[in-house]
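Trainee: I have this one open for the first time. Can we go through it piece by piece?
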Amino acid sequence: MNIETKAAQLRAALNRAAHQYYTLDAPEIPDVEYDRLFQELQAIEAAHPELRTPDSPTQRVGAAVLAGFTPVRHSVPMLSIRTETDTTAAGAEKFDEQVRNHLASEQRRTELKPGDPRYRAEPLDPIAQAVLAGQPIGYVAEPKFDGLAISLRYEHGVLVQAATRGDGETGEDVTQNIRTLRQIPLVLSGEISARSLPLPLAGEGRGEGGWPIPPILEVRGEVYMRRDDFEALNERMRERMAAGDRAAKTFVNPRNAAAGAVRQLDPAIAAQRPLSFFAYGLGDITPPEAGGPDFRAHWEVLQALRAWGLPVSALARRAQGAAELAAFHADVAAERDGLPFDIDGVVYKVDSLALQRELGFVTREPRWAVAHKYPAQEQLTTVQAIDVQVGRTGKLTPVAKLAPVFVGGVTVTNATLHNELEARRKDVRVGDTVIVRRAGDVIPEVVSVLADQRPPGAPEFSMPARCPVCDSEVVREEGEADHRCTGGISCPAQRKQALLHYASRRAMDIEGLGEKLVDQLIDGRVVNSLPDLYRMGFVSLAALDRMAEKSAQNLLEALEKSKQTTLARFLYALGIRHVGETTAKDLARHFGTLDAVMAASTSQLLQTPDVGPVVAGSVHTFFEQPHNREVVEQLRAVGIYWAEGKPAPAALLPLAGKTFVLTGTLPTLSRDEAKDMLEAAGAKVSGSVSKKTSYVVAGAEAGSKLERAHALEVPVIDEDGLRALLGGGA
């Protein structure tokens, strides 16, 4: 391909991307890819100026005016600023060096002889001379907001017009939409005094007295959408889509959601979108000789804007020299993920307005400002496969296996698709070109798909019917987005979690079986299933790292002790989804035996007090799986036992319908023992006192619950009173 064809292709691709991004608010490629293409075209045109065309993206700013809006001619062009792609501290140093080099070249022009076409007659500004003499350059450093550039025109303090950047020369009149933003004052207020501002940098002056609001004032700033507002907006869109609203759609990112709101032809729709605004500069303004403020520094401009009632970012600060610019870049990077809005870099501006005028512009960009980017949080890559991972709790998560791509400061090869519904909503398929995003420590995710680049015949993703780890059935409960493996305690992916839950205090209460030991037992293949716990010998335990003989013996004794339990504890220990302690007790009380629970149909399970369709379905599904029944039988075979009895209808239990609250320390019963005894008698144990509380059982050092019981006149009893109730009912 010759260089002329390459330049034409780049122009076409960039113009299409700009149209999608700015005009349609539907980006096809991430910013970093646009920047790469733009820089490639810039390099070609720099080497071959004859290939630079009037319609080249390098010769314009922004986008065309959207049909339906009134064009607005900017009296002061809204130019973009140059981007420094070096995301390290060197980017700040490079900008500072460029500013100094330009000033030095201007100084050399004054030393030429008159008649030389490069000769400069007037001397450099005093501040520029001070810089060349070794004084550090004063800058203002600000965050680079990811939103839509807006110009606000005030006449005598009243907002009369708001316009988009457009192509830099002509924008769109969006006044009615901007009026819906509560952060933007319709009427400016106040006057700022020179004495209220920070002291100027060396070499800067300032007029005496106050600075009234000028008759003409154009404020430049950014309309953006906060992250929480963006998520809430997309959630509302998803609800509308689920309800069948074909006009509803989710937005790719906060920037495009904000742009789409500002550029709505119907202000009523714009008013429904939560937008915010930051001011960061000026356009047209009444000059000092006509009564306007005599600003000497950009920092003063920001303070004036804030004083007049316009929002200015609190992150902006002054900086002296390259080192302080680099420090600002690093400081904001550390805060970036915690900010309530998106930024993709910071902006450095020479503070002195006189020095800005000295530096001037080059082509389409000011020499006195630069955008210093951060590592891109979005990149293009391709999906090579979609794997399904099984988590510790049995949840299945589809994961896109990606062609390696550097994004968010690291090389990414995997991105979560969350669940089948999300994967289908985004329509991610193997072979797709996708935009992948990684911000901070957030797990990488696929943002969107470039559907027009999809290979022919790429099949839709669907969740497997069998677990990829243990081949158990995969189910998705009604009303839930997640698919889960039904393998439970027999699924290798869930073993560690199942073992820790089984050994927990309120389950089988195996003292000494903690997370680190469980990791050793599973990773070393000493234990492959729950029954294996009771088959371990002293030798295999003592051989583990950091396992002393005494510790090994104590664990074996704890395992032996755990064999004698209750049906409720055993049911809870099995880790059946949705079955907590209380539900396990209800099931044990209602059915009396484990065999009865295992054989129960869903309708029979629903007859258990406080057991609804979700719990009943979960219990039935668990015991329907042959591998789960096999584990239960093996546990019985190694000696797990409990006292079984006949079903005990809750209504016939002595304390049925009563609610108790425990507080303080009882003389002989632990809190758990008292709770177990009460629940076995049909009572409910609550954590808070209310008018519906039947009794408060108070021990030593009872606190606020006892006070509340007295205030509500709830009966208060001690341990003896509790035993009396348990013995004879109430």
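Trainee: Is F660 buried or exposed?

Mentor: This is a predicted model, so keep that in mind throughout. F660 is buried, with a relative accessible area of 0%.

Trainee: Which strand is F660 in?

Mentor: F660 belongs to strand β25, which covers residues 659-663.

Trainee: And what does F660 touch?

Mentor: Leaving out residues up to four places away in sequence, F660 touches a set of residues including L655, L678, V685, Y695, I717 and L725. A683, K684 and S686 are also among them.

Trainee: How far is F660 from N419?

Mentor: In space, F660 and N419 are 42 Å apart, C-alpha to C-alpha. In sequence they are 241 residues apart.

Trainee: Next topic, sheets. What is the strand order in the open sheet of four strands?

Mentor: The order is β5-β4-β9-β10, and the pairing is antiparallel. At the edges stand β5 (158-164) and β10 (276-285). Each has a single partner strand, so one side of each is left without a neighbour in the sheet. From one strand to the next, the twist averages 30 degrees.

Trainee: How many bridges join β4 to β5?

Mentor: Six bridges join them, and β4 spans residues 148-155.

Trainee: Which strands does helix α7 touch?

Mentor: Helix α7, residues 254-262, packs on the sheet and touches β4, β5 and β9. The direction of α7 makes about 40 degrees with that of β4. Helix α9, residues 298-307, also packs on the sheet, touching β9 and β10. The direction of α9 makes about 120 degrees with that of β10.

Trainee: What about the β17 and β18 pair, how do they run?

Mentor: Strand β17 (residues 395-407) and strand β18 (residues 410-416) pair in the antiparallel sense, over six bridges. Within that pair, V399 stands opposite T416 in β18. The hairpin has two residues between the strands, and G408 takes a positive phi near 65 degrees there.

Trainee: Now charges. How many salt bridges are there?

Mentor: The count comes to 56 salt bridges.

Trainee: Give me an example inside one helix. Where do E235 and R238 sit?

Mentor: Both are in helix α6, residues 227-242. Being three residues apart, they are separated by about one helical turn. E235 is partly exposed at 37% relative accessibility, and R238 is partly exposed at 27%.

Trainee: What is the N to O distance for E679 and K585?

Mentor: In this model it is 1.9 Å, and the two side chains meet in a salt bridge. E679 lies in helix α23 (residues 671-680) and K585 in helix α18 (residues 581-591), so the pair ties together parts that are 94 residues apart in sequence.

Trainee: Are those two buried or exposed?

Mentor: Both E679 and K585 are buried.

Trainee: And D471, which residue does D471 bridge to?

Mentor: D471 forms a salt bridge with R466, with the closest N and O atoms 3.8 Å apart. D471 is partly exposed at 46% relative accessibility, and R466 is partly exposed at 44%.

Trainee: Which residues are linked in a network of salt bridges?

Mentor: One such network links E420, R424, D427, R429, D432, R454 and E460.

Trainee: Last one. Where is Q356, and what does Q356 touch?

Mentor: Q356 is in helix α11, residues 353-359. With a relative accessible area of 10%, Q356 is buried. Not counting residues up to four places away in sequence, Q356 touches H298, V350, D351 and W368.

Methods. Residues are numbered from 1 along each chain as its sequence is written. This is a predicted model: local features need pLDDT of at least 70, side-chain atom pairs count only at pLDDT 80 or more; totals for chains, interfaces and linings use all residues. Side-chain values use heavy atoms; hydrogens and water are left out. Two strands pair if DSSP finds at least two bridges between them. Axes are lines fitted to C-alpha atoms, for helices over the stretch in contact, and angles run from 0 to 180 degrees between N-to-C directions. Contact means heavy atoms within 4.5 Å. A salt bridge is a side-chain nitrogen of Lys or Arg within 4 Å of a carboxyl oxygen of Asp or Glu. Buried means under 20% relative accessible area, exposed over 50%, partly exposed in between (1.4 Å probe, protein chains only).
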